[in-house]
Amino acid sequence: MPKGWQADSAPLRAGVGLRGVHHAEWDARPACGWLEAHAENYFADGGPLPALLESLHRDYPLSLHGVGLGLGGCEPLDRDHLARLAALVHRHQPEVVSEHLCWGQAEGVHFNDLLPLPFTEETLALLCDRIDLLQSTLGRSVLVEHLASYLSFPESTLDEAQFLSELTQRTGCGLLLDLNNLHVNSVNHGLDPQIFLRALPAAAIGEIHLAGHTLVHLDGETVLIDTHGSAVDEAVWALYRDALRLIGPRPTLIEWDTDIPSLEVLLAEAARADDERVRVEWSTPGSTVAQIDS
Amino acid sequence: MTRSLADIQRDFAAMLRADQSPGGRAAIYHNNRRANFRKALALTYPVTARIVGDDFFARLSLDYLEQHPSRGGDLHHVGTRFAEFLATGFAAPSSAFGYLADLAKLEWAWAEALLCADASPLSIEALATFEPTAWPRLRFTLHPSVALIRSPWPILTIFDEHRREQPAVVSLDAGGECVVVLRRAQCVEAHRLTAQEHQLWVALAAGQCLQEALDALLRHLEENHAVGEFALREALARLFMLDAVTAVNTA
C-alpha cells in the first residue's frame, strides 16, 4: 500500500482533479481511477457541494488536497481553517489527504498562493511541528507536496530531496511527487531532475501529480510557470516513465486548473498515464505487473 | 548575513503587498496574488464582473484587494465586503453604477446560500397544529440561506437578464425591487417580494412574533398613508411555498 492511503484503497488507474465546471458531467459517472478535490472548495456547512462529494465518493476513491493551510508560515496556523479541514476529512473519510510545503500569510493577510520556503534546519523543524499537528488533528498520516518555484533562497543549506527525505523520516508523512513541479524547477533553477528522483525516499512517495505549465521569457531567460492550464508536457511524461521505472507505480493524478477543458480531454490525459504505466511495466525486465510497492 | 525564516517571509510579504511590481521572477508571485484574488472574486460575482467588463473589474478587484485583503486560505471569503466596498465607491446617487452595490449584495447572498447549513423546510400544515388563539404569538425560524435585500433599483431583473446569453437592456428607472435569496432542494433561487412581504419576512427573520411583525407593518402602512390592506394569509402561504420556514413555535 502506498504511503498515506487507507488500507487497500490505492487506485492503480489514474485519476483527475474534480473541478466545479465539470460537476454536472460527473453525473454520467465516466470511468476514472479516482478523484482529487481541493479541500477548501468544499468548505461548506451544508448544501449541494458536500452532497456532491459524498455521492461521487460512493463511486470513486477520493483524495482531499488542501491548498490553503500554509504549513510553513511563521505565524500560528489558522486553527479555524484546520478545524474545517478536519471536519471535512471526518465527514468524507477520503482515501488520502494531502497539503503543500509552503506558506501563505503574514501579518493577518493571506496571499492565496503557494509561496516557497528556504530549505534550512529552521524550516525543517517548523514543518515537522506543523505536520505533527496536522496528522494528530486528522488522526491519520498525510502526504505533503513539494512546490514549483520561481525564486530560490541563498539561505538554503539543504538540498530539496534531502530536505524532503528528512521531513518524511521525522514525521512519518508521505510525499506527493509532482513531476510537473520537478520539471518546472529543473528549468527554473538549473537542477537535474534525475538526481532529485534518485535522492527521494521511494517508499515515502504515495502519489504522483502530472500537469501542464506555461513557458515565459523574462529578462532574456526562459521561466516555466506552474499554471496547470495545458496538457502534460512531453518532458513531464518522460519524467513519469523515469519515476515508474525508479519507484514503481503510484496513484497518479492529472491536474488542470486554468483554461479547463472538457472532462473528456482530462480523462484522455488520465488514459495516457495508464498507457505509459502499462508500457513501462511490460518493458521493464522482472517487473511485476500491477504491483504497488509498499 | 543570513535571514531567519520570519525575516524571509516578512520581506517576501512586503514585496507582494507593494503596489509596484518588483520585476523579474518575483513579479510572477506579485501577479499571481492579484490574479488569484481577481479570479476568486469574479467566481463569487459573475454578474457584476460581466456588467462592468474584464478591465474595469480588474481595477475594482485591485482597489478592493488594497482595502480588504484576503484574511484566510479559503477563497470563498474574499468577497465578504465587496458590496460594502462598492457602496462606498459608488455612493453618489447620480453614479451610473449606483446599483452595483445592491447587485453585489444579491450575488453575495447567492454565494452564501450555496454553502450554508442544511435544514428541512416545514409545510404550511404545521400551522394547523396551533390553536388559532396562539397564532399571534407564533415565531418562525427561517432557512439559514434566507437573505433579504431591498433596493431602489431593479436588481433581480438586472441579475436575471445578465445570467442569459443575450441580456436585454434593463431600465434603471423601472423601480426598486425587494428580493429574497434562498436555497431550496439544494438549488439557490432568488424571488421578487412585494415591499410588504419583504417587511414581514425581515420582521420574522429578526425573531419577531406574528403579532409584532403585523403591528410594525400596519404602523408602516399608516405612516406612509398607504391604502389597501395586507393579505396576511397569502403572504404566509408564500413563505411556506418557498420552503423558507424550518420551525414554528410559540416560545
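In chain A, strand E5 (residues 103–106) pairs with strand E6 (residues 109–115) in the antiparallel sense, over three bridges. Strands count as paired if DSSP finds at least two bridges between them. Helices (H or I, at least four residues) and strands (E, at least two) are DSSP runs, numbered from the N terminus. The model is predicted: local features need pLDDT of at least 70, side-chain atom pairs count only at pLDDT 80 or more, and totals for chains, interfaces and linings use all residues. Residues are numbered from 1 along each chain as its sequence is written, while chains are lettered from A and ligands numbered from 1 in the order in which they are written.

Stay with the two strands. E5(A) and E6(A) form a hairpin, with two residues between them. A:Glu107 sits in the turn and has a positive phi of about 50 degrees. Across the pair, A:Gln105 stands opposite A:His110 of E6(A).

Next comes helix H7 of chain A, residues 234–247. The expected span is 1.5 Å times one less than the number of residues. The buried residues of H7(A) are A:Val236, A:Leu239, A:Tyr240, A:Ala243, A:Leu244 and A:Ile247. Viewed down the axis of H7(A), they fall within an arc of 145 degrees, so they line one face of the helix. The arc is taken from the directions from the helix axis to the C-beta atoms. An α-helix has 3.6 residues a turn, so residues three or four places apart point the same way.

Buried means that 20 or more other C-beta atoms lie within 10 Å of a residue's own; 12 or fewer is exposed, in between is partly exposed, and C-beta atoms are placed from the backbone. The buried residues of H7(A) pack against strands E8 and E9 and helices H5, H6 and H8 of chain A. After H7(A) comes A:Gly248, with a positive phi near 90 degrees.

Helix H8 of chain A holds A:Glu269. This residue counts as buried because A:Glu269 has 20 C-beta neighbours inside 10 Å. Beyond its neighbours within four places in sequence, A:Glu269 is in contact (C-beta atoms, placed from the backbone, within 7 Å) with A:Ala231, A:Val232 and A:Ile254. A:Glu269 and A:Ala14 are 255 residues apart in sequence, yet 9.0 Å apart in space, C-alpha to C-alpha.

Finally, the contact between the chains takes 38 residues from chain A and 35 residues from chain B. On the chain B side, H1(B) gives the most, with eight residues.

Key. Contact = placed C-beta atoms within 7 Å.
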